[in-house]
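Me: I would like to learn how to read the charged side chains in a structure like this one. Could you take me through them, starting from a single pair?

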Amino acid sequence: MDKALELKELKSRALEDKNLPLKSGATNLVFGVGNPNAEILFIGEGPGYWEDVKAEPFVGPAGKLLDKLLELIKIKRSDVFITNVVMHRPPNNRDPLPEEIEAYKPYLDGIIRIISPRVIVTLGRFSMAKFLPNALISRVHGKDFSVYFDGLNIVVVPMYHPAAALRNGDIMIKIREDFLGLPKILEKARSVRDKVYLEKNKEVFEQKQMELF
Ligand code: URA
């Protein structure tokens, strides 16, 4: 099935889900936005005030910084996909609770499965913890980790949250450097996945080649 259609169906299910714990305090579901065929998936923490109003992730001050960081590496926002670990705004922008993250997991995992990105950039500690539960952001930010997720080989790059960079000049320098390293990581992820795919399908390819003659 077409990825855009699959995402639309998953979003409809999330909209109808009465058990999502943060739903009652929120204005809108902030499911995610972007290119269904994106090579890079950004995962943040949860919607804030503006995201709740506009039903779109990263459209407030942190989102404006994310846009600038993407411009820096000449990647269009419309080329990537952006979502969060929780899809309704937590009251007063508090941290999401473990049981809340768990409740939205089927939808986040569904997005990952459908998009099947080459690279996931985690923004902040909550999305980082999904893939690298014991990592310290100060040690691992900007590095690439090969992660096996639901049958997919994905490269995960943990980064600081843009809101933290807005509060702290040192983190701003680090997040800029980490973004500048992203094109190279994407290039490497492309060649590695193609190699794994070719190796896994070597016999099928060889059989197909023989059938041609
Ligand atoms: N911060 C996040 O983590 N996600 C958003 O969508 C906006 C701000």
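This is a predicted model: local features need pLDDT of at least 70, side-chain atom pairs count only at pLDDT 80 or more; totals for chains, interfaces and linings use all residues.

Me: Which residue forms a salt bridge with D150, and where in the chain do the two partners lie?

Reply: The partner of D150 is R113, and their closest N and O atoms are 2.2 Å apart. This pair, too, links distant parts of the chain, with D150 in the loop between β5 (145-149) and β6 (152-159) and R113 in helix α4, 37 residues apart. D150 counts as partly exposed at 47% relative accessibility, and R113 likewise counts as partly exposed at 44%.

Me: How many salt bridges does the structure hold, and which residues are linked in a network of them?

Reply: There are eleven salt bridges in the structure, and a network of such bridges links E39, R118, E187 and R190. Within that group, R190 forms a salt bridge with E39, whose closest N and O atoms are 2.6 Å apart. Here R190 belongs to helix α9 (residues 182-200) and E39 to the loop between β1 and β2 (40-44), so that the pair links distant parts of the chain, 151 residues apart. R190 is partly exposed, with a relative accessible area of 27%, and E39, at 25% relative accessibility, also counts as partly exposed.

Me: What should I make of D17, and which side chain of opposite charge is nearest to it?

Reply: The general idea is that a salt bridge requires a side-chain nitrogen of Lys or Arg within 4 Å of a carboxyl oxygen of Asp or Glu. D17 is buried yet has no salt bridge, as the nearest side chain of opposite charge, that of K23, is 7.3 Å away. D17 lies in the loop between α1 (3-16) and β1 (33-34). If its neighbours within four places in sequence are left aside, D17 is in contact with K23 and Y107.

Terms used
Residues are numbered from 1 along each chain as its sequence is written. Side-chain values use heavy atoms; hydrogens and water are left out. Helices (H or I, at least four residues) and strands (E, at least two) are DSSP runs, numbered from the N terminus. Buried means under 20% relative accessible area, exposed over 50%, partly exposed in between (1.4 Å probe, protein chains only). Lys and Arg count as positive and Asp and Glu as negative; His and the chain ends are not counted. Contact means heavy atoms within 4.5 Å.
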